[in-house]
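User: Hello! I have just opened this model and would like to learn how to read it. Could you guide me through it step by step?

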Amino acid sequence: QQKKRHMGDTKHFCPVSLKEHFVLHPGLHEHAAKYKEKIYYFSTSEYKDKFLKSPEEYVAHNQPIQAPPLRVCLLGIHGAGKTTCARQIADKLGIFHIQFEEYLQELILPKTKKKVGPHVDEEHEEDDNDIPILSEELEASSQAITKTETEKNKQEEELTDEEKAIKAYLMDDQELPPEVLDNIVLDWWKKEPFRSTGFILDGFPRTVDEAKYLSERGLCPDVAVYIQVEESDVLNRLFPLRLKKWKDKKFKKMEYKKKLKDLKAKIRV
């Protein structure tokens, strides 16, 4: 029966959602209206009333209505290869690649001065030219500890509530509140250059609550892809690199301790 009807330019999608938010939101049968012998469907009764007040703003004239660009959500466990695939897809389709956790890291990096979280390599390389003189190091050790704790507390105080929520998300996997997500996610759907170019969102949503957030805000991806891999494949991919980094870190610590020991011996002489 629907095929026999003469539907409007946006078919079963809401023309107001498309015009104002650049989103293909399916219309509902209970919110239908006829204009120039064509049936239009709307996502809400408010959008239906808005259309009827000025329908010429939402229908095609000389050219067909432009469809929104491709928006993709790419999901999968850590180590599944999401970022590698996302970069290739983004390059091929000419859309933006947004790595969600990396984007969050950049938001708080000016305050934290380094990336945070369990997946971040915490290696701190020691500079051979910056080995402290042992006597001075021992003399100022207590003061240095107190100073370090004070600076850390001061750094924590400088974080805003939003930045603290982002840090908790990255470090302890705590959910981001909707008001924080509003300041981050909405722009990708509603502001330029993302709005007219499209994007592939790598690593979001991860939970049911995050998926519900997108649904409640009317932020509908065109495609959601989940990369499913065997645990053994992830282990084979990540373990050799992690092991190498761990060995390099242990070796550098041993080298640093050896240089301190040699320096101590020279001071005694």
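This is a predicted model: local features need pLDDT of at least 70, side-chain atom pairs count only at pLDDT 80 or more; totals for chains, interfaces and linings use all residues.

User: Let's begin with the overall make-up. How many helices and strands are there in the chain?

Analyst: The chain holds 12 helices and six strands. Another overall figure is burial: 29% of the 269 residues count as buried.

User: Now I'd like to look at a pair of helices. At what angle do helix 4 and helix 7 pack?

Analyst: Find residues 100-112 for helix 4 and residues 161-172 for helix 7; the two pack at an angle of about 130°, and their axes are 10 Å apart. Since angles over 145 degrees count as roughly antiparallel and 65 to 115 as roughly perpendicular, helix 4 is therefore oblique to helix 7. Their crossing is left-handed.

User: Which residues meet there?

Analyst: From helix 4 come Phe100, Glu101, Leu104, Gln105, Leu107, Ile108 and Lys111, and they meet Glu163, Ile166, Lys167, Tyr169 and Leu170 of helix 7. Sorted by class, this contact of helix 4 with helix 7 has seven nonpolar residues, one polar and four charged.

User: Let's turn to single residues. Why does Phe42 count as buried?

Analyst: A residue is called buried when its relative accessible area is under 20%. Phe42 has 0% relative accessibility, so Phe42 counts as buried. You can find Phe42 in strand 2, residues 38-42.

User: What is Phe42 in contact with, leaving aside its neighbours within four places in sequence?

Analyst: The contacts of Phe42 beyond those neighbours are Cys14, Pro15, Val16, Gly27, Leu28, His31, Ala33, Tyr47, Lys48 and Phe51.

User: How about Leu52: where does it lie, please?

Analyst: Leu52 belongs to helix 2, residues 45-53. Leu52 counts as partly exposed because its relative accessibility is 45%. Between the C-alpha atoms of Leu52 and Lys34 there are 9.1 Å, with the two residues 18 residues apart along the chain.

User: Next, backbone angles. Which residue has a positive phi of about 65° although it is not a glycine?

Analyst: That is Glu37, which sits in the loop between strand 1 (28-35) and strand 2. Glu37 counts as exposed because its relative accessibility is 61%. Asp173, not a glycine either, has a positive phi of about 60°, and its place is the loop between helix 7 and helix 8 (178-184).

User: Finally, where should I look for a cis peptide bond?

Analyst: Look at omega, the angle about the peptide bond. Glu192 and Pro193 are joined by a cis peptide bond with omega of about 5°. Pro193 is in the loop between helix 9 (186-190) and helix 10 (194-197). From Phe204 to Pro205 the peptide bond is also cis, and omega is near 0°. Pro205 lies in the loop between strand 5 (199-202) and helix 11 (208-216).

Notes: Residues are numbered from 1 along each chain as its sequence is written. Side-chain values use heavy atoms; hydrogens and water are left out. Axes are lines fitted to C-alpha atoms, for helices over the stretch in contact, and angles run from 0 to 180 degrees between N-to-C directions. Helices (H or I, at least four residues) and strands (E, at least two) are DSSP runs, numbered from the N terminus. Angles under 35 degrees count as roughly parallel, over 145 as roughly antiparallel, 65 to 115 as roughly perpendicular and the rest as oblique. A crossing is left-handed if the near helix is turned anticlockwise from the far one by less than a right angle, and right-handed if clockwise. Contact means heavy atoms within 4.5 Å. Ala, Val, Leu, Ile, Met, Phe, Trp, Tyr, Cys and Pro count as nonpolar, Asp, Glu, Lys and Arg as charged, and the others, Gly among them, as polar. Buried means under 20% relative accessible area, exposed over 50%, partly exposed in between (1.4 Å probe, protein chains only).
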